[in-house]
Amino acid sequence: MNTYLQAGLDALNDGTRMAIFQKLANGPMAVNEIAATLPVSRPAVSQHLRVLQNAGLITGSKTGTRRHYQLDPEGIARLRAHFDQVWDKALTSFQASIASPKASAKIEKKNKHKGGKKNAKDPRSRRP
């Protein structure tokens, strides 16, 4: 796995960092603005921002005395490409399993069984 990708996934594994990431999806924000919306201190927010920045998920810029952060499109593109690839593999695998004659027979057998006798041991099959 790509080092930047792994760093990005690891960074988002923390609830506070994920919350910050989601807030920045709405647009650039200053550290104080972010800290005002979270139950952690401003220095803690700065540490989380540093982790997200080192993972390549956000960028920071200075405007006067304030520092603003925003999502980094390149970092987001890496994450998206990874999940698109995972999703494509999953769909391809699912399509292949459905298309195989063995799988089709198994599905038909299950569907026939559902319409048949109810299992006396299954509490859901008992009538009140």
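In the hairpin formed by strand 2 and strand 3, Gly64 adopts a positive phi near 65°. The hairpin has 2 residues between its strands. Strand 2 covers residues 58-63, and its pairing with strand 3 is antiparallel, with 6 bridges. Within this pairing, Lys62 lies opposite Arg67 of strand 3.

Strand 3, residues 66-71, also pairs with strand 1, residues 29-30. This second pairing is antiparallel too and rests on 2 bridges. Here Ala30 faces His68 of strand 3.

These features come from a predicted model. Mean pLDDT for the chain is 85. A pLDDT of 70 or more is reached by 81% of the residues. Helix 2, residues 15-24, has the highest mean pLDDT of the chain's elements, at 97. Helix 6, residues 101-115, has the lowest, at 67.

The largest nonpolar core contains 19 residues. Six members touch the most others: Ile20, Leu24, Ile34, Val45, Leu49 and Leu57. At least two core residues come from each of helix 1 (3-11), helix 2, helix 3 (31-36) and helix 4 (42-54). In soluble globular proteins, nonpolar side chains tend to be buried together.

Definitions and conventions. Residues are numbered from 1 along each chain as its sequence is written. This is a predicted model: local features need pLDDT of at least 70, side-chain atom pairs count only at pLDDT 80 or more; totals for chains, interfaces and linings use all residues. Side-chain values use heavy atoms; hydrogens and water are left out. pLDDT is the predictor's confidence in each residue, from 0 to 100. Helices (H or I, at least four residues) and strands (E, at least two) are DSSP runs, numbered from the N terminus. A nonpolar core is a set of buried Ala, Val, Leu, Ile, Met, Phe, Trp, Tyr and Cys residues joined through side-chain atoms within 4.5 Å. Buried means under 20% relative accessible area, exposed over 50%, partly exposed in between (1.4 Å probe, protein chains only). Two strands pair if DSSP finds at least two bridges between them.
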